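Please examine the structure shown below with attention to its strands, and then to one residue in a helix. The points that follow are grouped by topic.

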Amino acid sequence: MTTVPEVMQRLKLGRSTVYDLIRSRRLVSITVGRARRIPADAVREFIDFEIGEAA
(Lines give C-alpha, C1' and ligand atoms only; values in the text may rest on other atoms or scores of the structure.)
Protein backbone atom coordinates (compact mmCIF):
# COMPACT_ATOMS: atom_id res chain seq x y z
CA MET A 1 0.00 0.00 0.00
CA THR A 2 1.20 3.45 -0.84
CA THR A 3 0.13 6.87 0.32
CA VAL A 4 -1.09 9.75 -1.82
CA PRO A 5 2.23 11.63 -1.40
CA GLU A 6 4.13 8.51 -2.54
CA VAL A 7 1.91 8.23 -5.62
CA MET A 8 2.41 11.93 -6.29
CA GLN A 9 6.16 11.46 -6.23
CA ARG A 10 6.14 8.28 -8.32
CA LEU A 11 3.85 9.69 -11.03
CA LYS A 12 5.19 13.26 -10.80
CA LEU A 13 1.66 14.58 -10.33
CA GLY A 14 0.13 17.09 -7.96
CA ARG A 15 -2.09 16.25 -5.02
CA SER A 16 -5.27 17.48 -6.72
CA THR A 17 -4.57 15.41 -9.81
CA VAL A 18 -4.07 12.23 -7.78
CA TYR A 19 -7.32 12.83 -5.89
CA ASP A 20 -9.09 13.55 -9.22
CA LEU A 21 -7.85 10.17 -10.52
CA ILE A 22 -9.18 8.51 -7.36
CA ARG A 23 -12.55 10.31 -7.62
CA SER A 24 -12.92 9.35 -11.28
CA ARG A 25 -12.05 5.73 -10.38
CA ARG A 26 -9.09 5.68 -12.77
CA LEU A 27 -6.89 4.97 -9.74
CA VAL A 28 -8.15 2.45 -7.20
CA SER A 29 -7.83 3.33 -3.52
CA ILE A 30 -9.13 2.29 -0.13
CA THR A 31 -9.69 4.18 3.07
CA VAL A 32 -8.15 2.84 6.27
CA GLY A 33 -9.53 4.89 9.12
CA ARG A 34 -9.03 8.43 7.88
CA ALA A 35 -6.07 7.57 5.65
CA ARG A 36 -6.29 7.00 1.90
CA ARG A 37 -4.16 4.12 0.61
CA ILE A 38 -3.47 3.05 -2.96
CA PRO A 39 -2.48 -0.58 -3.59
CA ALA A 40 0.84 -0.89 -5.42
CA ASP A 41 -0.89 -3.02 -8.07
CA ALA A 42 -3.34 -0.18 -8.73
CA VAL A 43 -0.49 2.21 -9.53
CA ARG A 44 1.08 -0.33 -11.92
CA GLU A 45 -2.29 -0.97 -13.59
CA PHE A 46 -2.86 2.76 -14.02
CA ILE A 47 0.57 3.19 -15.64
CA ASP A 48 0.04 0.16 -17.91
CA PHE A 49 -3.38 1.47 -18.97
CA GLU A 50 -2.03 4.93 -19.73
CA ILE A 51 0.83 3.44 -21.78
CA GLY A 52 -1.69 1.34 -23.73
CA GLU A 53 -3.86 4.40 -24.39
CA ALA A 54 -0.87 6.38 -25.65
CA ALA A 55 0.18 3.68 -28.10
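Strand β2 (residues 30-32) and strand β3 run antiparallel and are joined by 3 bridges. Two strands count as paired if DSSP finds at least two bridges between them, and strands (E, at least two residues) and helices (H or I, at least four) are DSSP runs, numbered from the N terminus. This is a predicted model, in which local features need pLDDT of at least 70 and side-chain atom pairs count only at pLDDT 80 or more, while totals for chains, interfaces and linings use all residues. Residues are numbered from 1 along each chain as its sequence is written, and side-chain values use heavy atoms, with hydrogens and water left out.

**The hairpin of β2 and β3**
- Val-32 stands opposite Ala-35 in β3.
- The hairpin has 2 residues between its strands, and Gly-33 takes a positive phi near 65° there.

**The sheet**
- Strand β1 (residues 2-3) pairs with β3 (residues 35-38) in the antiparallel sense over 2 bridges.
- Thr-2 has Ile-38 in β3 as its bridge partner.
- The 3 strands form an open sheet in the order β1-β3-β2, with antiparallel pairing.
- β1 and β2 stand at the edges with a single partner strand each, so one side of each has no neighbour in the sheet.

**A residue in helix α3**
- Asp-48 lies in helix α3, which covers residues 40-54.
- Asp-48 counts as exposed because its relative accessibility is 53%; exposed means over 50% relative accessible area, buried under 20%, and partly exposed in between (1.4 Å probe, protein chains only).
- From C-alpha to C-alpha, Asp-48 and Arg-15 are 21 Å apart in space, and they are 33 residues apart in sequence.
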